[in-house]
Amino acid sequence: MRYQSQRVAYWFFATCMALLSLQIIYGFIMAFAHAGYDVLHNVIPFHAARATHTNLLIMWLLSGFMGAAYYIIPEEVEREIYWPKLAYAQLVALVVVGVTAIIGFHFNWWEGRKFLEIPRPLDYLVVLDVLLFVANIGMTVLRGRRKTTTALVLYFGLLSMALLYLPGMIPTSNQTIDSYLRWWVVHLWVEGVWELIMGGILSFLLIKLTGIDREVVEKWLYVIVGLTFLSGILGTGHHYYYIGTPKYWFWVGGIFGALEPLAFLGMAIYAVSMARRGGRDHPNRIAMLWTVGCSIMSFVGGGFLGFAHTLPQVNLYTHGTLVTAMHAHMAFWGAYAMLVLAIISYAMPQLTGRKLYDKPAALLAFWASNIGMVAMTLAFAVAGVTQVYLERKVGLDFLAVQKEIEIHFVGLILAASLFTLGIACFIYNFVLYGLPVGVVAIDGREVPLAVAPAE
Ligand code: HEM
Ligand code: HEM
Ligand SMILES: [Fe+2]
């Protein structure tokens, strides 16, 4: 850490830890409901739990991206954050709006559109908050001493993310148009502009952790941005097969959707090859593990499992089933959750001056959460494929099928318990790190104020 204002990142990361914990609780509520134990139904019906689970996910990832930007941008452009106090205010506002939305879901105040459930009045506040954040980062970049490719890719990713929230707010009573626009937000976020954010953060981490020249790392970034735009924009078509849009989307969505894994493959090859070539053996090996793990798991969850149902012939059967949930878990985990956990793992020793990366809890956090998530994905896969077969081949009724697949959710609960053990270890380590400290120059080098011993 070289700038005082970078400390604000800590509070965004702490928010991530709190919201992730809450998200997991709602995951268990749904897993038990699926297994036949919907005991909380009268208080938290499935739709409320589902909206809460996914919106908490989006919220903690946003908080993680913002924290990452407030940490990375000052170091990249070599200056303090332009409006440091605004960063704190903007975090408080984000949490207040998010928590209000979550409470609202429990009282049936929601929009009923998957992933865009936040009620309209709160949407405006979300947009305002994110625009303030983008302005703060934008001013920091503009007034910075240098402008790096990494900083610019990260900044434009964040700006596009804010702008792409708007199509979801266009009022219409036509369900096809509503669905068409909803995908501009959902798809163009995770398979478009979020990939730029991912590329930017990975690039920063690889430069820091491997010691490889910025020019080499950033050259790859251009390739990834190119591949993302080439496939991701028209790839939106893989959501337009069966929603009442023209037939040409079968071709457009089929072809460009099938190309999308290339961007994730590029990301994985990039991170692995940089890690192997890296001359410097950075002591924070756990941050390296999360960084490289993120690039590989995002290819497995996004690229591979996304490809599994992107062709219209397959999607005809799998659309809107637990096969989608299978892909969604691994993709969100691999690409974005692991990315946020990677930057937290890298930043915490710098922010607090403590070195806890060699602790057994740090290693256990990585392996238990990843093996747990792979097992969860398998449980969803078995449930999903069985659902597709019984419901869409055999022709059984939706609820009769849900009864048949209850047993697979017992498997999901076991897998999720292992996953939760991993996350608990991560949070335990996070808490042990303690609060961020200031910086001071020693021999011309900026170092944290209080460098505590490793233990
Ligand atoms: C203890 C851990 C977790 C459990 C037990 C769990 C369980 C579930 C269940 C049962 C559903 C509903 C599936 C349905 O619609 O029937 C769901 C949805 C979802 N969960 Fe989780 N989850 C967990 C953690 C996570 C994590 C860590 C992430 C992201 C990294 C995540 C992302 C999602 C997403 C994106 C959906 C919506 C899927 C879709 O659109 O079909 N979950 N989860
Ligand atoms: C890390 C990147 C990705 C994430 C986080 C992600 C997440 C998701 C989520 C949450 C959904 C459910 C959306 C909803 O129903 O509202 C979904 C659906 C889908 N995803 Fe992805 N995805 C990613 C990458 C990909 C890629 C690269 C492909 C194609 C190769 C793909 C293909 C699909 C398809 C075809 C659906 C529609 C499923 C259906 O018809 O029910 N995804 N994805
Ligand atoms: Fe998509």
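The questions and answers below concern a predicted model.

Residues are numbered from 1 along each chain as written, with chains lettered from A and ligands numbered from 1 in the order written. Local features need pLDDT of at least 70 and side-chain atom pairs count only at pLDDT 80 or more, while totals for chains, interfaces and linings use all residues.

Reader: Which helix supplies the largest share of the shell around ligand 1?

Author: The shell has 21 residues, the closest being Gly 27, Met 30, Ala 328, Phe 332 and Ala 416; a residue is near if its C-beta atom, placed from the backbone, lies within 6 Å. Helix 1 (8-34), helix 2 (46-77), helix 12 and helix 15 (406-433) each supply at least two residues. The largest share, seven residues, is that of helix 12.

Reader: How many residues of the shell around ligand 2 are charged?

Author: Ligand 2 is surrounded by 26 residues, with Gly 302, Gly 306, Ala 328, Ala 331 and Ala 335 the closest. Ala, Val, Leu, Ile, Met, Phe, Trp, Tyr, Cys and Pro count as nonpolar, Asp, Glu, Lys and Arg as charged, and the others, Gly among them, as polar. The shell has nine nonpolar and 14 polar residues, and the charged ones number three.

Reader: How are helix 6 and helix 9 oriented to each other?

Author: Their axes, lines fitted to C-alpha atoms over the stretch in contact, have angles from 0 to 180 degrees between N-to-C directions. The axes come within 10 Å and cross at roughly 5 degrees. Angles under 35 degrees count as roughly parallel, over 145 as roughly antiparallel, 65 to 115 as roughly perpendicular and the rest as oblique, so helix 6 and helix 9 are roughly parallel.

Reader: Where is Glu 78, which has a positive phi?

Author: Most residues other than glycine have a negative phi. Glu 78 has a phi of about 60 degrees and is partly exposed, with 14 other C-beta atoms within 10 Å. Glu 78 lies in the loop between helix 2 and helix 3 (84-106).

Technical notes: Helices (H or I, at least four residues) and strands (E, at least two) are DSSP runs, numbered from the N terminus. A residue is buried if 20 or more other C-beta atoms lie within 10 Å of its own, exposed if 12 or fewer, and partly exposed in between; C-beta atoms are placed from the backbone.
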